[in-house]
Amino acid sequence: MGKKSKKEKKGRGAEKTAAKMEKKVSKRSRKEEEDLEALIAHFQTLDAKKTQTVEIACPPPSPRLNASLSAHPEKDELILFGGEYFNGKKTVLYNELYTYNIRKDTWTKVEIPNPPPRRCAHQAVVVPQSGGQLWVFGGEFASPNGEQFYHYKDLWVLHLATKTWEQVKSAGGPSGRSGHRMVAWKRHLIVFGGFHESTRDYVYFNDVYAFNLETFMWTKLSPSGVGPCPRSGCQLSVTAQGGIVIYGGYSKQRVKKDVDRGTLHSDMFLLKSEDEKEGKWVWTRIHPSGVKPTPRSGFSVAMAPNHQTLLFGGVCDEEEEESLEGDFLNDLYFYDTTRNRWFTGQLREPKSERKKRRRGRKGEPRGGDELAGAEPSPQGPLEVVQEVTTEDGTVITIKQVLPAPEPEGRPLSEDEHGVEEAGTPVVMPSPRSNAMLAVKHGLLYVYGGMFEAGDRQFTLGDLYCLDLQKMAGWKALVEMDPDTQEWLEETDSEEDGDSEEDGHEEEEDTGEQSSEEGADEGPPLVERTESYVDYLGRTEQHWVAWARESLGPDAKEKTVLRAAQAKAKQFFDGSVPARP
């Protein structure tokens, strides 16, 4: 044998180093998973002390996202289970069970012995067997610092008639995951996709499993044809013809070390059994007509009446080199499974508005838009900016884009609408992602979720209702409580390792300086008979400077501008009653 070249030796040395590093990372990953398992076991020990089922009337649940909200198959109730909450420093996971009585508008906390461990991003499906059953599969548990994850692969059933939890152990099921989707199909539960994440790596899935509700056995399906690529957070719904539709979702892949690129999927597939044989399945790519939802992640899905699937909200992330900013949404889309068609969910205009439009058109001279061959300019969507101030003084700016009503003659001018009218608060859920949806008696319920303002994440605990038949407007059942919006992110001084005492001194100095500056300058006063538009035009620079200082140097310009306008509007509205 000849001598090995230096290049070959160097290559083998690199391979050995890589193998050692992989072994070390794998060992650390296993250690972290063991730590989480120990923490989960600790919580289960606490849960095991509960030996009786207790139902307690309570206020609405605390804010959360990635929980499950399900409609009871026999009672006028909604069932809320699990979820997570993050306040900037600590992640809290829940395994609480709540019921919401639709007719009485009351909440009840139901404490049942031996519940599933705390989790979020799981899937829950209700079936009518034996007085109603709530099946729960998978999900994840996170360490308090939110940096370590444990993914479940367990299956549980809540017997609604007896209010008892039962873990169903069956081999051959899906691996541990979260962000997957699950639906009830005939006598089965169908599970698709999801992801698994550890400290060192992550993986997305596109596998399909079926759980038989009669034999309690798992089967991995092997459909023919080209199916969707791996993803999580997609739409999974059953069609009127007995097929299963998959739309959208999210996945990411590593492009280089420590750099990932996310993908928002907008393709659509149909999974169906061949010749109604449950053992043979086939994938088909479908191309629905109509108006598809814009690409997004974190959207929520529910089954609506008349074989329609409803899609609500989500977020479209704008990725830059070292930053990520999302546009949160609160729009509605419907997918008609019988016609393979998407359409937007538009609220019907109130009668008072239609009368106002007709009055505005009376006696107008013909011309302009009414010239032969000319089309009236479409009325754009209405943007409503709402501001909420938390107890710590943080200003949360919520932008709501209301879809334009169906064209009806010439749209009203800005003068006819009235500037003040455009700023009137509109009752509807604020833009959000990862909310929980349920439909009962033709009414859509939207609970919780989250949105971001700058670098801060805010978790919601509000509840809204919409009649899907009338589409006349949203009703707020539980409104957002500003006192629950907290953010405890570490300050720069804490991150740099300064002492807590120095941090307090710095905060006190800053507070004194700010109040002195505020005393010297103060917000510009509203002049007598001045409209909001005139006031904003005169004082916008002041409010922009305030917003830029509040949100920090990393905030995008449009975010700063929205916060400035919202703060100016709040000050203007508060000053109007005081004006002579």
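Modeller: Strands here are DSSP runs of E at least two residues long, and they are numbered from the N terminus, as helices are. The model is a predicted one. With that numbering, H122 falls in the loop between β7 (106-111) and β8 (123-127). The relative accessibility of H122 is 3%, and because buried means under 20%, H122 counts as buried.

Two polar partners can be named for the side chain of H122. One is the side chain of S68, with which H122 makes a polar contact at 3.0 Å. The other is the backbone oxygen of F81, which the H122 side chain reaches at 3.5 Å. Beyond four places in sequence, the residues in contact with H122 include N66, A67, G82 and G83. Further along the chain, V136, F137, G138, G139 and H180 are also among the contacts of H122.

β2 covers 68-71, and β3 covers residues 77-81. The whole sheet is open and has five strands, in the order β1-β7-β6-β3-β2, with antiparallel pairing. β1 (54-58) and β2 stand at its edges with a single partner strand each, so one side of each has no neighbour in the sheet. From one strand to the next, the twist averages 25 degrees.

The model has 15 salt bridges by the rule applied. In one of them, the side chains of E96 and R64 meet at 2.9 Å, N to O. E96 sits in the loop between β5 (91-93) and β6 (97-101), and R64 in the loop between β1 and β2, so this pair ties together parts 32 residues apart in sequence. R64 counts as buried because its relative accessibility is 0%.

R119 lies in the loop between β7 and β8, and D154 in the loop between β11 (149-151) and β12 (155-159), so the pair links parts 35 residues apart in sequence. Both R119 and D154 are buried.

Note on methods. Residues are numbered from 1 along each chain as its sequence is written. This is a predicted model: local features need pLDDT of at least 70, side-chain atom pairs count only at pLDDT 80 or more; totals for chains, interfaces and linings use all residues. Side-chain values use heavy atoms; hydrogens and water are left out. Helices (H or I, at least four residues) and strands (E, at least two) are DSSP runs, numbered from the N terminus. Buried means under 20% relative accessible area, exposed over 50%, partly exposed in between (1.4 Å probe, protein chains only). A polar contact is a pair of N or O atoms within 3.5 Å; within protein, one must be able to donate a hydrogen and the other to accept it, and residues adjacent in sequence count only if both atoms are side-chain atoms. Contact means heavy atoms within 4.5 Å. Two strands pair if DSSP finds at least two bridges between them. Axes are lines fitted to C-alpha atoms, for helices over the stretch in contact, and angles run from 0 to 180 degrees between N-to-C directions. A salt bridge is a side-chain nitrogen of Lys or Arg within 4 Å of a carboxyl oxygen of Asp or Glu.
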